[in-house]
Amino acid sequence: MNLDRLDIAWLVLIGLALATIALPPLMPRPLLGNALLLALAALKGRRIALDFMDLRAAPAHWRGLVSAWILIVLLLAWLASAVVGLI
């Protein structure tokens, strides 16, 4: 069986989704758990953008813009969870 790039991306996304489900009960601190879950979400978002939106073949500035957008959204989500955790 010969797997192409999309098949591998699909399997990686399934693995990351299963890790997202399995990790929260194992995390001793909610803030660390949120950061780890958001890091997994960043990996999933980047994989989707590069492979399924076919940005691997796009110019570097488009890949950078999409990656920066993913990072900014996730950082804002983490900051919101940190503020809620501190209140």
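**Helix packing in a predicted model**

Leu38 touches Leu74, Ala77 and Trp78, not counting residues up to four places away in sequence; contact here means heavy atoms within 4.5 Å. The model is predicted, so that local features need pLDDT of at least 70 and side-chain atom pairs count only at pLDDT 80 or more, while totals for chains, interfaces and linings use all residues. Residues are numbered from 1 along each chain as its sequence is written, and side-chain values use heavy atoms, with hydrogens and water left out.

Buried means under 20% relative accessible area, exposed over 50%, and partly exposed in between, with a 1.4 Å probe and protein chains only. Helices are DSSP runs (H or I, at least four residues), numbered from the N terminus.

The packing of these helices can now be described. Two packed helices are described by the angle between their axes and the distance between the axes. The axes of helix 2 (residues 30-52) and helix 3 (residues 60-86) come within 10 Å and cross at roughly 160°. Helix 2 is therefore roughly antiparallel to helix 3, a description used for angles over 145 degrees. Axes are lines fitted to C-alpha atoms, for helices over the stretch in contact, and angles run from 0 to 180 degrees between N-to-C directions. Ala, Val, Leu, Ile, Met, Phe, Trp, Tyr, Cys and Pro count as nonpolar, Asp, Glu, Lys and Arg as charged, and the others, Gly among them, as polar.

On helix 1 (5-22), the arrangement is as follows. Helix 1 and helix 2 pack at an angle of about 165°, with their axes 10 Å apart, and are therefore roughly antiparallel to each other. Helix 1 passes helix 2 in a left-handed crossing. The residues in contact include Leu6, Val12 and Leu16 of helix 1 and Leu40, Leu43 and Ile48 of helix 2. By class, the contact of helix 1 with helix 2 has 14 nonpolar, one polar and four charged residues. Leu43 is exposed, with a relative accessible area of 51%; Leu43 and Val12 are 31 residues apart in sequence and 9.6 Å apart in space, C-alpha to C-alpha.

The loops complete the picture. Leu23, in the loop between helix 1 and helix 2, touches Leu36 and Leu40, not counting residues up to four places away in sequence. Pro25 is found in that loop too, and counts as exposed at 68% relative accessibility. In the loop between helix 2 and helix 3 lies Asp54, which is partly exposed, with a relative accessible area of 42%. Most residues other than glycine have a negative phi. Phi of Asp54, however, is near 55°, a positive value.

Terms used. Helix = DSSP H or I, 4+ residues; strand = E, 2+ residues; numbered from the N terminus. Parallel < 35°, antiparallel > 145°, perpendicular 65-115°, else oblique. Left-handed = near helix turned anticlockwise from the far one by under 90°.
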